[in-house]
Amino acid sequence: ALVAVGCGADANPNPRGLAHVTAHGEAIAREVARLLAGPMRPLGPVTAANFRRIQLDLDHAVTREEVQARLAPGARQQVSYPARKFMAQLDAGRALPVAVPYPMSTWMFGHNLAMVFLAGEVVSGYSLRLRRELDGARLWVNAYAHSVPCYVPSRAMFAEGGYEVDGSMDYYGWPTRLAIGTEDTVIGTVHELVPAGFRARTGR
């Protein structure tokens with residue numbers, strides 16, 4: 001049995017809280033039992049595996065002045081703590097990062113299934129888009145794979161800001177949000193790693 005997490009970084013259980021964990025677990029177990037009782041077909045072995053490490057650009061190169069502003073009196077510890085780390089890095093003569101290293105990979109099971117493994121806390125928009133652009137019936141998208149460098153928001157979320165786009169980057173130790181072109185960079189790389197035979201069929 002393999003438990004894998006998909007692109008659900010912007011989704012929460014409903015209802016939420018420790019009091020509901022058992023009920024949610026039982027609901028998942030019932031669904032697994034239902035699927036196991038249904039028809040199945042063998043996949044065969046992995047016929048190809050690809051790995052790529054790309055760089056996800058940050059929104060901009062953060063300056064010393066920006067970091068200093070985050071240390072103003074009254075700043076929240078969530079902001080001031082990483083700012084002190086960034087300032088120490090600058091004081092030591094080291095530049096702040098301008099990109100996030102991002103590993104991703106694919107497993108191909110012949111023409112039957114393509115599995116995609118994305119790093120980080122990836123939001124649902126990535127899975128939805130990949131299922132539109134590739135053959136969703138033969139696609140399995142996993143997130144939280146290889147490493148978890150940060151949240152990976154979709155393009156549509158950037159206008160909203162909020163935790164996934166901005167606030168979480170303080171916890172992950174990055175000086176600013178990802179660039180708005182992040183989604184296209186990740187999706188484009190998936191297209192390079194998955195054979196053309198898995199493109200969505202015409203009319204779908």
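Let's start where two helices meet: α3 (residues 77-91) and α5 (residues 162-172) pack at an angle of about 50°, their axes lying 8 Å apart. That makes α3 oblique to α5, a label for angles that are not under 35 degrees (roughly parallel), over 145 (roughly antiparallel) or 65 to 115 (roughly perpendicular). Axes here are lines fitted to C-alpha atoms, for helices over the stretch in contact, with angles running from 0 to 180 degrees between N-to-C directions. Helices are DSSP runs of H or I with at least four residues, and strands are E runs of at least two, numbered from the N terminus.

This is a predicted model, in which local features need pLDDT of at least 70 and side-chain atom pairs count only at pLDDT 80 or more, while totals for chains, interfaces and linings use all residues. Residues are numbered from 1 along each chain as its sequence is written, and side-chain values use heavy atoms, leaving out hydrogens and water.

Which residues of α3 and α5 meet? Gln-78, Val-79 and Pro-82 in α3 are in contact (heavy atoms within 4.5 Å) with Gly-167, Asp-170 and Tyr-171 in α5.

Stay with α5 a moment. Its buried residues (under 20% relative accessible area, 1.4 Å probe, protein chains only) are Glu-164, Val-165, Gly-167, Ser-168, Met-169 and Asp-170. Their cover includes α3 and β6. Just past α5, Gly-173 adopts a positive phi of about 80°.

Key. Buried means under 20% relative accessible area, exposed over 50%, partly exposed in between (1.4 Å probe, protein chains only).
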